[in-house]
Amino acid sequence: MVDSALDIAGVDLTDPATYAAGMPHDAFRELRRRAPVAWHPHGDGPGIWVLTRHADVVAVSRDSVTWSSQATGVFFDVPTPEDAYQLGLIMLTMDPPRHTALRSLVSKGFTPRQVARLDGHLADMARTIVDDVIERGECDFVTDVAGALPSYVIAELLGIPLEDGRRLYRLTETMNSGVVNSDDVRRAQLEMFEYATALAARKRAEPGDDIATSLLHAEVDGQRLTDLEFNLFFLLLINAGGDTTRNLVAAGTLALIEHPDQRARLLADPSLMPTAIEEMLRYVSPVTVFARTATRDTELHGVPIGAGERVAMFYPSANRDEAVFDDPDRLDIGRDPNPHLAFGGGGTHFCLGANLARKEAAAIFPEVLTRMAELRPAAPVERVRSSLMNGIHAMPVTFTPARRLTDAPPTSVR
């Protein structure tokens with residue numbers, strides 16, 4: 001008889017409420033030990049196979065022929081026929097060869113060379129974001145710091161006003177609850193689509209040097225994107241351009257507060273910043289899970305999985321796999337090598353914005369570490385209620401007030 005992940009874990013890994021108190025690492029550890037491929041029921045629909053080991057997540061991620069993102073989507077809830085049609089038009093839930101062609105188009109805005117052009121501007125924006133709170137000695141770290149920079153950067157890339165970037169970014173929390181068919185998610189999507197439709201009309205009339213204009217004028221397989229395809233691309237870029245970075249900066253900062261020895265080590269040796277960011281990505285794991293569907297009969301770890309059955313890849317568990325990482329529950333900002341899967345397990349759907357997320361983190365962490373002295377939580381942390389994203393919704397903090405270094409807010413309205 002197959003072990004049930006629900007029985008072994010002792011918690012429902014498909015329920016957003018499970019993650020309100022933090023990632024269930026004890027449950028993942030037990031699953032890795034006893035049943036790295038385990039069946040998990042989900043609501044009234046078909047259940048899903050839970051994958052908790054690093055090697056299995058990598059294997060599934062890199063085999064898009066056997067494991068489809070499009071067949072039944074990448075979330076726990078299997079989409080309705082209406083949702084399935086739309087999800088089939090977005091890269092996150094699309095298979096090759098269509099995915100390959102569209103990714104090639106969008107990736108032109110996320111190459112290392114393109115991201116490098118933002119370097120100086122990122123540092124300026126990070127400095128101003130900290131300036132905006134530094135004299136107060138208190139703030140909500142998620143809203144005022146961690147979420148501000150990715151909002152501004154995505155506005156820069158898309159050619160939209162900065163405040164619009166922050167407003168749209170707030171919608172992503174609702175959309176990333178992990179509940180595909182809820183009314184709140186639909187309302188957030190509608191608001192995002194309405195903004196994208198207006199933006200498309202404006203960029204067609206007044207083209208700019210931005211990704212939005214490039215998408216509207218580019219061709220894939222000899223055809224330009226339809227309005228619906230553009231809207232879905234816009235939705236993906238807003239989501240992918242912000243959530244990972246915000247979750248990394250907020251939870252990574254909290255991890256440094258909770259590990260003062262590592263914070264002191266980083267302050268004493270700033271050259272550790274690159275490995276520190278990789279370790280925070282591993283330790284925090286900003287994305288919790290994505291699903292795939294078997295296109296044929298196969299097996300993992302000797303467990304047979306039939307065509308049409310689904311698997312869930314739990315990145316926080318893979319990133320603490322004892323078979324890959326020594327002392328995996330320890331934060332070590334000098335950890336090297338560090339083959340974490342925070343941006344996915346490689347293959348077709350490796351995170352398009354990985355380079356950009358690293359650049360943003362490298363810009364904001366030095367400002368936070370060196371200028372927000374005595375940084376500490378002022379109230380209990382409120383986590384995002386989501387089975388999809390591993391994030392913090394609110395984190396009130398206090399710190400030693402200091403002087404501003406700049407006078408003007410970042411500007412990027414095109």
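Residues are numbered from 1 along each chain as its sequence is written, and side-chain values use heavy atoms, with hydrogens and water left out. Because the model is predicted, local features need pLDDT of at least 70 and side-chain atom pairs count only at pLDDT 80 or more, whereas totals for chains, interfaces and linings use all residues.

The protein has 18 helices and 14 strands, which are DSSP runs numbered from the N terminus (helices H or I, at least four residues; strands E, at least two). For 414 residues a compact globule would have a radius of gyration near 22 Å, and the 21 Å of the protein agrees with this; the radius is taken over C-alpha atoms, and the globule rule is 2.2 Å times the number of residues to the power 0.38. Buried residues account for 57% of the 414 residues, where buried means under 20% relative accessible area, exposed over 50% and partly exposed in between (1.4 Å probe, protein chains only).

An open sheet of mixed pairing is formed by five strands in the order 1-2-10-7-3, two strands being paired if DSSP finds at least two bridges between them. Its edge strands, each pairing on one side only, are strand 1 (37-42) and strand 3 (67-68). Strand 2 (residues 45-51) pairs with strand 10 in the parallel sense over three bridges, and Val 50 has Ala 312 in strand 10 as its bridge partner.

Aromatic pairs number seven, counted where ring centres of Phe, Tyr and Trp (its six-membered ring) lie within 6.5 Å, with planes under 30 degrees apart taken as stacked, over 60 as edge-to-face and the rest as tilted. One of them is the tilted pair of Phe 28 and Phe 314, at 5.2 Å centre to centre and 45° between the planes. Since Phe 28 lies in helix 2 (residues 25-34) and Phe 314 in strand 10 (residues 310-314), this pair ties together parts that are 286 residues apart in sequence. Both Phe 28 and Phe 314 are buried. An edge-to-face pair is formed by Phe 290 and Tyr 315, with 6.3 Å between the centres and 75° between the planes; Phe 290 and Tyr 315 are likewise buried. Phe 28, Phe 76 and Phe 314 form one aromatic cluster.
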